Amino acid sequence: MSIFDKLKQGANNTVNSVAQNAIGSLVNKKKTFTFTTLPESLAQMQALPEATLSDPFQTAALTVCALCVYAADKNIGIEMLNWLRGPRPLSAHEISFHDDRFRDGQTYVPFSYFEGATPENDYTPKQPFTLTIESNPTSDDVDGYFKAIVKSGGADSPRSIMLRMRGDGKWFLWEHFLLVGIRVPKSADPWA
């Protein structure tokens with residue numbers, strides 16, 4: 001092994017150790033975020049304290065906010081999601097996927113993650129908007145990635161958001177599983 005290989009290996013070990021320590025301290029945690037209003041533009045989102053993206057919980061919370069905006073204004077939602085994704089903007093396929101999820105009037109789905117939003121009240125969250133992001137023992141199973149968990153008022157099982165840490169310690173959205181089916185709001189349920 002050359003001297004350069006040894007240096008490279010030492011640097012990689014240090015980076016991996018720092019990443020593991022940062023991620024390991026986040027397992028089995030719960031963080032609650034409160035928003036007096038939801039951001040309506042990328043500038044408003046970037047002005048929030050969570051916009052430092054210094055931990056995966058912050059990025060996960062902002063992802064839910066961005067999806068709420070996407071439901072109301074696709075272009076601003078895309079702008080927010082692209083910012084949260086860092087160097088990996090949404091592909092045409094991913095944009096089509098998001099469009100499809102909101103196509104049948106299911107704009108209520110991202111709001112179901114906020115406290116107080118249930119099928120009975122048509123997924124109208126309590127205000128201020130409160131959101132709890134959690135982790136579990138498997139949240140850090142993949143090096144450099146973190147799986148955050150969020151509960152919906154319309155589903156029996158929690159949903160996940162996968163985040164990836166960049167070399168500077170910031171956390172970015174990798175993928176989410178938030179726009180899956182939930183119980184129909186009472187006003188749209190013919191059996192209610």
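Let's start in the loop between α5 and β2, where D122 sits; helices (H or I, at least four residues) and strands (E, at least two) are DSSP runs, numbered from the N terminus. This is a predicted model, in which local features need pLDDT of at least 70 and side-chain atom pairs count only at pLDDT 80 or more, while totals for chains, interfaces and linings use all residues. Residues are numbered from 1 along each chain as its sequence is written, and side-chain values use heavy atoms, with hydrogens and water left out.

Back to D122: its phi is near 60°, a positive value in a residue other than glycine. Why point that out? Most residues other than glycine have a negative phi, and most peptide bonds are trans. Y123, found in the loop between α5 and β2 too, also has a positive phi of about 60° without being a glycine. D122 has a relative accessible area of 32%, so it counts as partly exposed, whereas Y123, at 3%, is buried (buried means under 20% relative accessible area, exposed over 50%, partly exposed in between, with a 1.4 Å probe and protein chains only). The loop that runs between α5 (92–103) and β2 (129–134) also holds P128, and the peptide bond leading from Q127 to P128 is cis, with omega near 0°.

Now hop over to a pair of helices. Helix α3 (residues 56–72) and helix α4 (residues 74–84) pack at an angle of about 160°, their axes 6 Å apart. Axes here are lines fitted to C-alpha atoms, for helices over the stretch in contact, and angles run from 0 to 180 degrees between N-to-C directions. On the α3 side, the contact (heavy atoms within 4.5 Å) involves residues including L62, A66 and Y70, and on the α4 side I76, M80 and W83 are among them. The residues of this contact divide into 12 nonpolar, three polar and one charged.

Finally, what about the cysteines? The structure holds zero disulfides, a disulfide being a pair of cysteine sulfur atoms within 2.5 Å. For C65, the nearest cysteine sulfur is that of C68, 6.4 Å away, which is too far for a bond. C65 is buried, at 0% relative accessibility, and C68 counts as buried with 3%.

Notes: Ala, Val, Leu, Ile, Met, Phe, Trp, Tyr, Cys and Pro count as nonpolar, Asp, Glu, Lys and Arg as charged, and the others, Gly among them, as polar.
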